[in-house]
Amino acid sequence: MRTRIQIVSIASVLAASGAARADVTLNFFGDIDYVVEHAAETSNTFQAATLDVFASQTEGKFSFIGEMIIEAVGSNQFGIDVDRLEVAYKPTSWLRFRAGRLRSAFGYYGDAYQNGKFFMTPVSWPEMYESTQFDGVVPSHAIGLHGDVAYGLGQDRGKLTLDAELLNGRGNGLDDVPVFQDANNGKAVNLRLRYVGEGSLGGFIVGGNVYVDDIPAIDVDGDAAADHPAMHELVLGGHAAYVDDHFHLIGELVWFRHRAHGDVMTHKTVAAFGEAAYQFGDVTPYTRFEYTHFGDEDPYFVGSGIPNVDVQMLSGGVKYAASASVAVKLEAAADLKESHRHVLAQAAFAF
Amino acid sequence: MTHRSVAARLVLCACLLALWAGQADAGFIVVKNAKNATSKLTKDAVKGVFNGKTKTWGNGDPIVLVIGTEDSPAMQWLADAIFRVSAKTFLSKLKQDVFKGDVPHPVSANDDAGTIKRVLAGAGVVGLISDAGAKSLPAELAVIAIE
């Protein structure tokens with residue numbers, strides 16, 4: 001009941017602001033799915049679990065983005081999440097600052113597709129970014145300051161871009177985004193350097209990240225499995241993508257190292273994926289392979305609910321662009337190490 | 001086959017050819033607010049404007065696009081003549097860049113009158129109107145020539 005009241009209230013505020021400013025436009029994103037899943041047993045279900053309301057406004061060198069997601073994740077109860085709340089200032093064409101809650105400049109997938117499944121070729125994010133059961137291991141949600149600068153290499157030679165971020169960083173668990181109160185005073189630093197192709201290399205991007213953070217300790221009464229000590233975190237990532245009107249090739253590799261304060265023992269994890277697709281008119285067949293290897297039991301990931309089990313997931317499917325606002329997808333996936341398979345049909349929309 | 005039926009077929013072919021040629025010639029022009037000093041752009045520069053890669057005019061004003069639905073003739077012309085893709089593909093990519101926050105939200109119009117109204121509303125607004133509509137442009141609007 002409370003959720004319903006909150007949804008009505010927020011919709012009213014958005015509608016009122018829309019009426020007051022005729023140039024503020026609301027967009028609606030979401031997806032409707034039918035999933036057949038086989039793990040310990042086989043299940044099938046329809047899902048209509050996400051509504052994403054997006055608003056943006058530009059006034060001169062300032063711009064605003066607000067994105068509110070109403071979704072039911074892992075349960076039948078809707079919850080509300082403000083996924084993006086950011087103000088940007090762009091004094092020149094090569095320099096931009098942003099502040100607020102934003103998608104961090106980590107890797108390729110997170111800020112290329114944001115929450116728009118309609119724009120993605122597969123049905124969803126790679127698990128390193130987000131899965132249906134838990135938030136991904138990549139630090140893709142962030143609160144803080146962002147700056148990016150671009151340096152042109154000449155006509156049709158592309159450009160180098162550098163993103164630098166100072167953030168609240170990780171919360172008590174992967175699903176805890178410290179939007180109001182950081183759980184510790186240490187701030188995360190994220191740097192991303194990229195080459196962005198132009199001319200004959202248009203659509204090509206290659207880059208890497210360095211992410212450093214201090215993860216706060218958590219001691220949950222009666223739930224020792226969720227406990228973890230305060231930890232230093234170092235994340236190194238590399239990504240390459242070539243996406244044009246026909247080809248779609250994306251690969252990412254991320255290495256995590258966690259070390260508890262005052263300890264010498266480290267926990268290392270590697271996550272990677274590669275996906276390939278080719279667009280024939282409105283039809284795009286694709287495939288994706290995901291790999292995650294936990295060097296040992298990482299207290300932070302395990303405490304966040306991620307099973308300490310390596311993943312080798314192979315998926316393939318087809319996306320059909322029914323219109324500029326609706327895409328229909330069909331995907332089958334299987335974990336090559338575990339007895340876990342699913343088939344998913346999806347209608348994703350962006351109005 | 002009689003001479004009469006051959007002649008009738010030739011006339012029919014000529015009519016279809018003329019109709020096709022008329023559709024092919026039905027073009028659009030890029031219009032801007034007269035306060036904007038830009039008078040001509042290369043085809044690549046027009047691409048940069050309408051795919052959002054170029055974000056500001058020479059004077060620093062942010063570029064605001066006037067965009068129609070995928071079945072509007074202007075969007076079909078833009079997608080085909082400038083980007084060589086379908087209107088569906090062009091608009092999907094543009095939506096994605098707006099969603100990322102890389103491109104200001106476009107304003108919408110599906111005909112010449114709507115586009116003219118939108119372009120009049122801001123110095124940085126740019127849109128497309130048909131050749132026919134261009135014959136009676138308001139003084140506050142001007143054409144950007146494509147080189």
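Before you start, a word on the ground rules: residues are numbered from 1 along each chain as its sequence is written, and chains are lettered from A, with ligands numbered from 1, in the order in which they are written. Since the model is predicted, local features need pLDDT of at least 70 and side-chain atom pairs count only at pLDDT 80 or more, while totals for chains, interfaces and linings use all residues; side-chain values use heavy atoms, leaving out hydrogens and water.

**Exercise 1. Follow the strands of chain A from strand 9 to strand 13 and say how they pair.**

Strands (E, at least two residues) and helices (H or I, at least four) are DSSP runs, numbered from the N terminus. Two strands pair if DSSP finds at least two bridges between them.

Step 1. Begin with strand 9 (residues 204-215) of chain A, which is joined to strand 10 (residues 231-243) of chain A by twelve bridges, running antiparallel. Here A:V212 sits opposite A:L234.

Step 2. Move on to strand 11 (residues 247-260) of chain A: this strand pairs with strand 10 of chain A over 13 bridges, in the antiparallel sense. The two form a hairpin with three residues between them, and A:A241 faces A:I250 across the pairing.

Step 3. Strand 12 (residues 266-278) of chain A comes next, with 13 bridges to strand 11 of chain A, again antiparallel. A:F247 has A:Y278 as its bridge partner. Five residues lie between the strands of this hairpin, and A:G262 there has a positive phi near 75 degrees.

Step 4. Finish with strand 13 (residues 283-294) of chain A, which pairs antiparallel with strand 12 of chain A over nine bridges. One bridge pair is A:E275 with A:R288. In the hairpin, with four residues between the strands, A:G281 takes a positive phi near 60 degrees.

**Exercise 2. What is the strand order of the open sheet in chain B, and which helix packs on the sheet?**

Step 1. Read off the six strands: the order is 2-6-1-5-3-4, and the pairing is mixed.

Step 2. Look for strands that pair on one side only: these edge strands are strand 2 (40-41) and strand 4 (107-108) of chain B.

Step 3. Zoom in on strand 1 (residues 28-33) and strand 5 (residues 125-130) of chain B, an antiparallel pair with five bridges. B:F28 has B:S130 as its partner.

Step 4. Contact means heavy atoms within 4.5 Å.

**Exercise 3. Describe where chain A and chain B meet.**

Step 1. Count residues: 31 from chain A and 19 from chain B take part in the contact.

Step 2. Check the buried area (the accessible area, 1.4 Å probe, that two parts lose on being put together, summed over both). The value is about 2,000 Å², with carbon and sulfur atoms giving 55%. A:F119, A:D245 and A:A324 supply 26% of the area that chain A buries against chain B, more than any other three residues.

Step 3. Look for salt bridges (a side-chain nitrogen of Lys or Arg within 4 Å of a carboxyl oxygen of Asp or Glu). There are two across the interface, and A:D282 and B:K88 form a salt bridge at 2.8 Å, N to O.

**Exercise 4. Why does the salt bridge of A:R101 and A:D81 tie together parts that are apart in sequence?**

Step 1. Find the pair: the side chains of A:R101 and A:D81 meet at 3.1 Å, N to O.
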